Amino acid sequence: MGEPGTKEVLSLQELEATANLRTGRKHVLSILVENKPGVLTRIAGLFARRGFNIDTLSVGPTDDEQISRITLTVDGALHPIDQVTKQLHKLINVLKIRDLEPGDTVARELALFKVAADGVQRGELMQIAEIFRGKVVDVTKRAIILEITGTTEKIAAFESMVRPFGLIEMMRTGEIAISRGRTET
Amino acid sequence: MRAVDAVMECLKAEGVDVVFGLPGGANLPTYDAFVGGGIRHILVRHEAGGGHAAEGYAKATGKVGVAFATSGPGATNLVTPICDAMMDSVPVVFITGQVRTELLGTDGFQEADTIGITMPVVKHSFMIQNPQDIPRAIHEAFHVARSGRPGPVLVDIPQDLSRAEIAYEPVTDVRLPGYQPRVEGNQKQIRQAAKALAAAQRPVIYAGGGVVNSNASEELVEFVRSDRFPITCTLMGLGAYPAPDRQWLGMLGMHGTRAANYAMDEADLICAVGARFDDRITGKLSEFAPRAKFIHIDVDPAEISKNVPAHIPIVGDAKHVLAKLVIEYRAIGADSSRLEGWWSRIGGWQEKYPLAYEDSPDSEIKPQYMIKALYEATSGEAVVTSDVGQHQMWAAQYYDFPKPRRWINSGGLGTMGFGLPAAMGAAVGCPDQLVCCIAGDGSVQMNIQELATCAQNDIPIKVFIMNNGYLGMVRQWQELFWDGRYSQVEMGQFPDYVKLAEAYGATGMRFEDKNALVADMRRAIATDGPVLVDVRVTREENTYPMIPAGQPAREMVG
């Protein structure tokens, strides 16, 4: 690797080698934090400094008002994830972190789709929504808003179904996840 | 009680005897509390000087250093010391003033987002929103700064909140549920480490600044001498093991000894204690210590396997872990004779490649000799601070530090201008010790204003400028790696340091004769008050040996 301070030029190959450290496996990190100002910035900054892109992020209260839960998904190889979780542990306001195993986890995301729909299309869209166990939450003359809950894959599948109708807008919350079984996440 | 008066009470409860700082608009209330507050305050000339002084104080005494600054530019001037303290794990609490809460976020006069700016470089920070929280925040700040892996903690207090009346009650319990540093190492892991050490044919102990931070020197010495283990220290670890010694290999890394670097290269087991496998140690990472297995002892789990995968990780405080490791190791009763072959190999390197330089034929002062002369003039008993560059490396190579907390420098961040204010802080913290600063002529001017602070407060630091008229380390790299095309490294002889020292109210001296140097240095040391000495040395001397950046250890040159 080229060293700052020497004349060596960084080759494209070397840059790619660094990029190859990412396996592409998705990690769902469930983080319990103290509900204090700046916590989210500290966490986001930690990822940003290491060049990690957070794919989805959701923050919400827990049953204890002094504690919030952050669920975030990132794409990464095991080693860098390991390093990031260790760094996250060092943040004083972080209480607990779990890198959830996909097999032992129930994950859900909420999405709202605004789709162009007049006349005949409306019925067809409602049918599709029903198959995906979605809900119609608003109808106007020329558009329909559908709500759907599910895994990221299910929402992607739904998106591909409704897109041909004329997708005006889509909003997703980012995943929240809970571990299976009796133990706490 | 006003919140600021509570701040003074908290500082006293934490055992703070001195604060380095500079007042301004946003911390006027705080400075009002200093009047009759019972805490010594040293007025610095620049906040960065105050921050580095607090670091020097902390490194020399082992206690938490404290620096104050006002909002905006006062706080941004602290960013370098904060970052420096983070990189070198120095326990310092920084307390900054902030604009009134109603002005927050409005680009008010002297407003800066201090918490935001410093977030990546603090161990933790507290943004005060309720004046009642101030005492607890201060105590938590001290607790976080000094425990686990030490580091900088910042408390930002808006001006109006600092003036508020609060019901002050001493805080005796600090509860941070998300912060419980592990102190005791895992006993099973420690036993495994002992076994691995007993089986190793070519072991090396590699100790870093963590040993100094945890006051584990005695334990380290006992551990190293529990067998004939070869020991090397990082730049930050110097003094943790007393030099010179027959098991001592010298410093390792980019400008370390060949014996230390070659031993790491050929080792079959490396036991790292409070060290972090920095790129200045490993050189080319993929070819670092290719035959070795690693035991890694560190209080910070994030350091373990960060750069080099550890075979036996032990998370814990070096003092505790080493004490247990010695017991486990002794219980095995390993046969020391297995290390004879290893020592004869190491001995061969030590004999063939001692630290050496070519002395001048005339009265010219070689920079390496300057360090040896200082060692002689101080009988090796001074607290030595340094700036960053060639002089720093020569000081590390040629001044044999017999004890920890005697060598104070900026290792991780490499902050030029660190040495003089750090010496000031060390001298305030250790008034009975001789404190010398080995400065570079490039570095020293970056915080030379603190000479006024030293003169005003009679802080008797002795600053020896290794003056070669160059930004020497950059010049060396340009010579070696950039075809000798010198670009912006010539400093000339500006200013006249003797006159400058006198203008500041200190004593100025200039030494140019090798043959009189030791006696001259003794004279400088015997002079009362702060002394600034311009030592003229060989202009184009290179720091050797050297692992060229990004190369493996066996490619050492010089």
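## Burial and overall form of chain B

A residue counts as buried if 20 or more other C-beta atoms lie within 10 Å of its own, as exposed if 12 or fewer do, and as partly exposed in between; C-beta atoms are placed from the backbone. By that rule, buried residues make up 54% of the 558 residues in chain B. This is a predicted model: local features need pLDDT of at least 70, side-chain atom pairs count only at pLDDT 80 or more, and totals for chains, interfaces and linings use all residues. Residues are numbered from 1 along each chain as its sequence is written, while chains are lettered from A and ligands numbered from 1 in the order in which they are written.

Chain B has a radius of gyration of 24 Å, which agrees with the value near 24 Å for a compact globule of 558 residues. The radius is taken over C-alpha atoms, and the globule rule is 2.2 Å times the number of residues to the power 0.38. Along the principal axes, the C-alpha atoms of chain B fill a box of roughly 70 × 60 × 40 Å.

Chain B holds 22 helices and 18 strands. Helices (H or I, at least four residues) and strands (E, at least two) are DSSP runs, numbered from the N terminus. Two residues are in contact if their C-beta atoms, placed from the backbone, lie within 7 Å. Of the contacts in chain B with a separation of 6 or more, 76% come from residues 24 or more positions apart.

## Helices α3 and α5 of chain B

How do the axes of α3 (residues 47–61) and α5 (residues 79–87) of chain B cross? They come within 7 Å, at roughly 25 degrees. Axes are lines fitted to C-alpha atoms, for helices over the stretch in contact, and angles run from 0 to 180 degrees between N-to-C directions. Angles under 35 degrees count as roughly parallel, over 145 as roughly antiparallel, 65 to 115 as roughly perpendicular and the rest as oblique. α3(B) and α5(B) are therefore roughly parallel to each other.

From α3(B), the residues B:Ala48, B:Gly51, B:His52 and B:Glu55 take part. They meet B:Thr80, B:Pro81, B:Ile82, B:Asp84 and B:Ala85 of α5(B). By class, this contact has four nonpolar, three polar and two charged residues. Ala, Val, Leu, Ile, Met, Phe, Trp, Tyr, Cys and Pro count as nonpolar, Asp, Glu, Lys and Arg as charged, and the others, Gly among them, as polar.

## Backbone details in chain B

A cis peptide bond joins B:Phe494 to B:Pro495, with omega about -5 degrees. B:Pro495 sits in the loop between α20 (472–481) and α21 (497–503). The bond from B:Tyr544 to B:Pro545 is also cis, with omega near -5 degrees. B:Pro545 lies in the segment after β18 (531–536).

B:Asn215 is not a glycine, yet its phi is positive, about 50 degrees. B:Asn215 lies in the loop between α10 (209–213) and α11 (217–224). B:Asn215 is partly exposed, with 15 other C-beta atoms within 10 Å. B:Arg405 has a positive phi near 65 degrees. Its loop runs between α17 (390–398) and β14 (407–408). B:Arg405 is buried, with 22 other C-beta atoms within 10 Å.

## Two domains in chain A

Chain A is assigned domain 1 (12–100) and domain 2 (105–179). The bounds come from an automatic or database domain assignment. The C-alpha centres of the two domains lie 28 Å apart. Eight residues of domain 1 are in contact with eight residues of domain 2.

On the side of domain 1 that touches domain 2, β1 (26–34), β2 (54–61) and β3 (67–75) of chain A each supply at least two residues. β2(A) gives the largest share, three residues. The residues of that side divide into three nonpolar, five polar and no charged.
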